[in-house]
Each structure stands twice: as structure tokens, then as C-alpha cells.
Amino acid sequence: MTEHSPEHIEELEDGGTGQRSFERVAAWLQANDLVYADYPESHYFSLRYTGNAGDWRVIIDVSEGNQVPQLLIYSYYPIRVPEMRRPLVAELLSRINNAIWLGCFAMDWRDGEVSVRTSMPVADGEFTDLQIERLFYANLGLTDRHLSGVCGVAFGSVQPALALEMGQTPPREALQ
């Protein structure tokens with residue numbers, strides 16, 4: 001858990017809607033014993049998370065888009081997809097996106113970085129701890145479930161359709 005540095009405390013005390021959202025997320029992270037770095041001037045937090053399939057970087061962005069607070073959670077896989085494998089990984093990400101209702105997978109074509117984004121606009125300017133928790137863990141669950149499949153397509157011979165099936169919950173084998 002990171003404590004706010006002295007220069008950040010003054011920034012947190014100015015009290016705007018975006019700052020209250022930032023403080024709420026900071027309190028939630030601390031209450032859940034998550035180790036993080038905070039960047040109040042840019043309105044985001046950074047942390048590492050370890051799931052069943054590996055570990056990755058997580059960014060929690062508490063920004064204000066069109067003057068309405070937004071909560072965006074990004075997970076970045078610890079890989080770079082080789083250029084020749086990017087079309088197959090893009091097919092897999094498209095298949096995943098078609099199968100999920102919350103969030104989206106994306107790949108930066110310049111460097112092959114794969115990310116998972118979940119987001120929520122906050123119409124009344126406030127969000128609850130339960131909303132933070134659900135959005136955060138939905139992101140981590142999606143990221144963890146599909147990491148092996150993305151790696152299998154990026155670095156192995158796994159086809160996108162099979163990789164999608166690998167990330168389904170519950171796995172089909174468990175249903176038989």
C-alpha cells in the first residue's frame with residue numbers, strides 16, 4: 001500500500017469532483033490492501049496484479065471526460081505480440097470482444113501491446129466501493145482468463161477459435 005506523499009496531500013485537499021473520485025479509489029485500494037503508486041496530477045493509480053495465469057500491470061484512471069467522472073481500469077499483458085502474429089491475435093481479440101458484455105480487448109499495432117479495458121461513466125459524480133470492486137475484479141477476471149490463449153496464439157500454434165474456448169468460463173471440460 002502506498003501512502004500519499006506530502007506534495008500529493010495538498011493536491012488531494014482541493015476537493016473537486018474528480019479529486020473526490022480519486023480519493024475514493026485510493027481509500028478502496030488501501031482498504032483492500034493493494035500495493036499501488038498514485039499519480040494525483042494525472043488522476044491515475046498503477047499496480048501489479050498476479051492472477052492464476054501470470055502477472056500484469058493495472059492502471060486505474062479516474063479521469064473526467066466531458067466534465068463527468070469516469071472510472072477506467074486497464075490491464076496490460078506482460079508480452080509484446082510479434083508482428084507476424086498480430087493478425088491472428090487481432091482475430092482472437094475480436095472473438096473475445098464479441099463474446100463479452102463488459103470491457104474490451106485491444107492491441108497496439110505499433111508494438112503488439114495487448115490490453116483489457118473496463119470502464120464506467122459516473123452520471124451523478126460519485127461511485128460506490130461496490131462499483132469499484134465489480135469493475136476492478138471484472139477486468140482482472142477477463143485478463144486472467146484470456147492470458148493463456150493470447151500467449152498461445154502469439155507465441156505458439158493455437159488457433160484463435162481454440163484460444164477463445166480456452167478462456168470460456170466455465171471451461172467446457174468442467175461441464176461434461
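This is a predicted model: local features need pLDDT of at least 70, side-chain atom pairs count only at pLDDT 80 or more; totals for chains, interfaces and linings use all residues.
A polar contact is a pair of N or O atoms within 3.5 Å, and within protein one of them must be able to donate a hydrogen and the other to accept it.

Find Y36 in the loop between α2 and β1. The side chains of Y36 and Q30 are joined by a polar contact of 2.9 Å. Y36 also has a relative accessibility of 3%, so this residue counts as buried, the cut-off for that label being under 20%. If you look back along the chain to A26, 10 residues away from Y36, you will find the two C-alpha atoms separated by 9.1 Å.

Stay in this stretch of chain for a moment. D33 sits in the loop between α2 (17–31) and β1 (37–39). Its backbone is worth a look: the phi of D33 is near 55°, a positive value in a residue other than glycine. D33 counts as exposed because its relative accessibility is 59%, and exposed means over 50%.

Now move on to H43, in the loop between β1 and β2 (44–50). Here too the residue is not a glycine, yet H43 has a positive phi of about 65°. With a relative accessible area of 27%, H43 is partly exposed.

Finally, turn to helix α4, which covers residues 129–155 and has 27 residues. From its first C-alpha to its last, α4 reaches 38 Å, close to the 39 Å expected at 1.5 Å a residue. Follow the helix along to H146 and you will come to a bend of about 40°.

Conventions
Residues are numbered from 1 along each chain as its sequence is written. Side-chain values use heavy atoms; hydrogens and water are left out. Helices (H or I, at least four residues) and strands (E, at least two) are DSSP runs, numbered from the N terminus. The expected span of a helix is 1.5 Å times one less than its number of residues. The bend at a residue is the angle between axes fitted to the seven residues ending there and the seven starting there. Buried means under 20% relative accessible area, exposed over 50%, partly exposed in between (1.4 Å probe, protein chains only).
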